[in-house]
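The sequence and the structure are shown below.

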Amino acid sequence: MRKTQALLLPLAIAAALAACSKDDTAATQADAAPALTLDESKLPPVNRFDLADLDETKQACDDFAGYANGKWLAANPIPGDRTSWGAFEMLDERSNAIQQQLAEQAGADTAATGVKKIVGDLWATGMDEAKINAQGIQPLAADLAAIDALSDTASIVEYLRTTAAKGGNFLFDFGAEADFQDPDLNIAYASQGGLGLPDSKYYTDADKQEIREKYVAHIARILELSGVDAAAAQEQAQQVMAFETRLAKASKSREDLSRDVSLYYNPVSLADADALTPNFPWSKFFESQGVAAPQQFSLAMPDFHREVDKALADTDPSVWKAYLRFHTVDGAAPFLSDEFVQENFNFYSATLRGQKEMKPRWKRVLGTINNQAGEALGQLYVQVAFPAESKAKMEALVANLGQALEARIQNLEWMSEETKAKALAKNAAFTTKIGYPDKWREWDGLETSRESYIGNVLAAQEFNYRWNLSKIGQPVDKTEWGMPPQMVNAYYNPLQNEIVFPAAILQPPFFDPQASDEMNYGGIGAVIGHEMTHGYDDQGSRFGATGKFENWWTPADAEGFAARTGKLVEQFNGYTTADGQKINGRHTLGENIADLGGLATAYDAMKKATEGQPDPMTDGLTRDQRFFLNWATVWRRNFTPEELKTRIATDEHAPAQFRAIGAPSNLPAFAAAFKCEPGQPMSRQGDAQVVIW
């Protein structure tokens, strides 16, 4: 089931507003319905730094990741229903356990209204395995019949428009996002899509041949399950693969998109867009979606859309029908009967990711609720899982990090005063969002029931799409969040120049209101600094203080910045996994810049916060050592071989073990803390040492 949604830029997701410690909306709903409860005894533990985890057989200056995390990684294998396991995943399990209790209570309340009804209906129907199995593929019968009736280009284009209007767009992402040149106004963006494999390179790279063969087998199996006979399914699978390969060759890779955010912004008039794709007129597309004809919109990656237009004219309708049938069923597979769910797991989880066993149904249903109604569930989550003291402590940390970053910018030797002034203005303009929104999203109009799981999913999909389209041409709502409170993550949005920290990440090892300063600064402090530094990474630095896409650099400073970031590319290009895979320093550059600047800024803020205080020497470790050790604790993570390979190919983040060592190896404070000598791996010197922000 292809979900069309707002354009998700590599650095920007959606606008958000800082949460208050008391939320009137949540309180009102809690008073109007049976109170939600949380049994904390049923929650899994969090992961904290522990002295016993240190591997004394390794030297911190030679193998800091092994010294800090080696013993823990050896003692904590990946659970069968996971493809990686570490601090993030453990907090995710804890968040899931909270959500499970809330969803069960919502599901048991058949008289619930509002967001509790939405969560309860999705939960109850998703957990009704017998009914889902009895329905089989029947919920898709009308869609498959419509595909079977397609006969020519005109009917195919009409079908694409019709399905897009219901929130199911097979070929491209479409939705609202802030205008790069006027970030207070939403415009429409259309970007690329249409592929089943993780990235365009999977269709051409030599080392992905086995994956391609297994994907063809998966396509054939899905087509068979949908009612196509075996021989025809095999033939159609080859046709679908050839068609997707054609689209892939016209697509930008994930690496390209992560390293050039301007690829998303290609403003064109409707007339020019219609001329580019005469077989797919955009004027009719906007009309079919119920969106007023805009003066212009961003037709991103125009070469992709040009290729789709050609395919509409020169590809036999039978190939289009096979492609549409496959993606209709494949996208819906997680919400259908067991044989579809199993095949979906076999390819996307087991083959691509190395997952040994399927997640239990309750986890899969929670995943669906989060995808389709995440903020609705978030309203329930924060009633039981976010203490007010966490917000107050976080506000102080953010303020200290902002002051430390200001000082670092002021003291840069390589940057001119002209560019510094603009960098400082951007720092002063940061907006911070903590915990959950002041203003919750409205869900009026979303009709769910206890009749059909996939029916509820489709209803939510269409509702979310229509809600997103309603923002086109409207002012940006800066109270919106791009992540629900229960997500263990954080983000920076360059179009709003904001940093956002959902409630679920505000737990150990990242954050603990009762912990000592060095632990919080080495955990969430470095995360805060990381998100701030995204405003100054190779892509975030292309946006100004107001969120406008603009060049605020002098030519000399831009050249100096490029030279320094180039050294960071070289550093990460030099890292190799135990099984011989090379890290891509260009693809991971933005995150590596953010790690380096974030950790350095957090260290400065920690030193300022503890100025004049004696070093407590906890467990024989200095304050500085514990700061860096908690940073490493955040980045302890095991991967299945398949997951590691997929992440190296597709993820703009370097694997965790290299994040544990990459930034601190450039900081003299780390070398001083552990008494590293020049020449040791964790004490980079001279030209090898990277200093940016």
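Two strands count as paired if DSSP finds at least two bridges between them. Helices (H or I, at least four residues) and strands (E, at least two) are DSSP runs, numbered from the N terminus. The model is predicted, and local features need pLDDT of at least 70, side-chain atom pairs count only at pLDDT 80 or more, while totals for chains, interfaces and linings use all residues. Residues are numbered from 1 along each chain as its sequence is written, and side-chain values use heavy atoms, with hydrogens and water left out.

Strand β2 (residues 174-179) is joined to strand β3 (residues 182-190) by 6 bridges, and the two run antiparallel. They form a hairpin with 2 residues between them. Within this pair, Glu 177 stands opposite Ile 187 in β3. β3 is also joined to β5 (residues 297-299), through 2 bridges and in parallel; here Tyr 189 stands opposite Ser 298 in β5. The open sheet of 4 strands has the order β2-β3-β5-β4, with mixed pairing. Because β2 and β4 (267-268) stand at the edges, each with a single partner strand, one side of each is left without a neighbour in the sheet.

**Sheet of three strands**

Another open sheet, of 3 strands, has the order β6-β8-β7 and mixed pairing. Its edges are β6 (431-435) and β7 (491-493), each with a single partner strand, so one side of each lacks a neighbour in the sheet. On average, neighbouring strands of this sheet are turned by 15 degrees against each other, direction ignored. β6 and β8 (residues 498-502) run parallel and are joined by 5 bridges, with Ile 499 in β8 as the bridge partner of Thr 432.

Contact means heavy atoms within 4.5 Å. Axes are lines fitted to C-alpha atoms, for helices over the stretch in contact, and angles run from 0 to 180 degrees between N-to-C directions.

| Helix | Lies across | Angle |
|---|---|---|
| α17 | β6 and β8 | about 155 degrees to β6 |
| α20 (residues 517-534) | β7 and β8 | about 150 degrees to β8 |

**Domains**

Domain bounds come from an automatic or database domain assignment. The assignment gives domain 1 (137-335) and domain 2 (402-428 + 513-688). Their centres, taken over C-alpha atoms, are separated by 38 Å. The contact takes 16 residues from domain 1 and 18 residues from domain 2.

**Second largest pocket**

A pocket is an open set of points on a 1 Å grid over the protein atoms alone where a 1.4 Å probe fits, with protein on both sides within 12 Å along at least five of seven lines; lining residues have an atom within 4 Å of a point. Grid points are joined across faces, edges and corners, and a volume is the space filled by probe spheres set on the points.

The second largest pocket has a volume of about 390 Å³. Of its 23 lining residues, Arg 94, Ala 385, Pro 387, Leu 506 and Gln 507 are the closest to its centre. The elements giving two or more residues to the lining are α3 (87-108), α16 (361-385) and α17 (388-410); the largest share, 3 residues, comes from α16.
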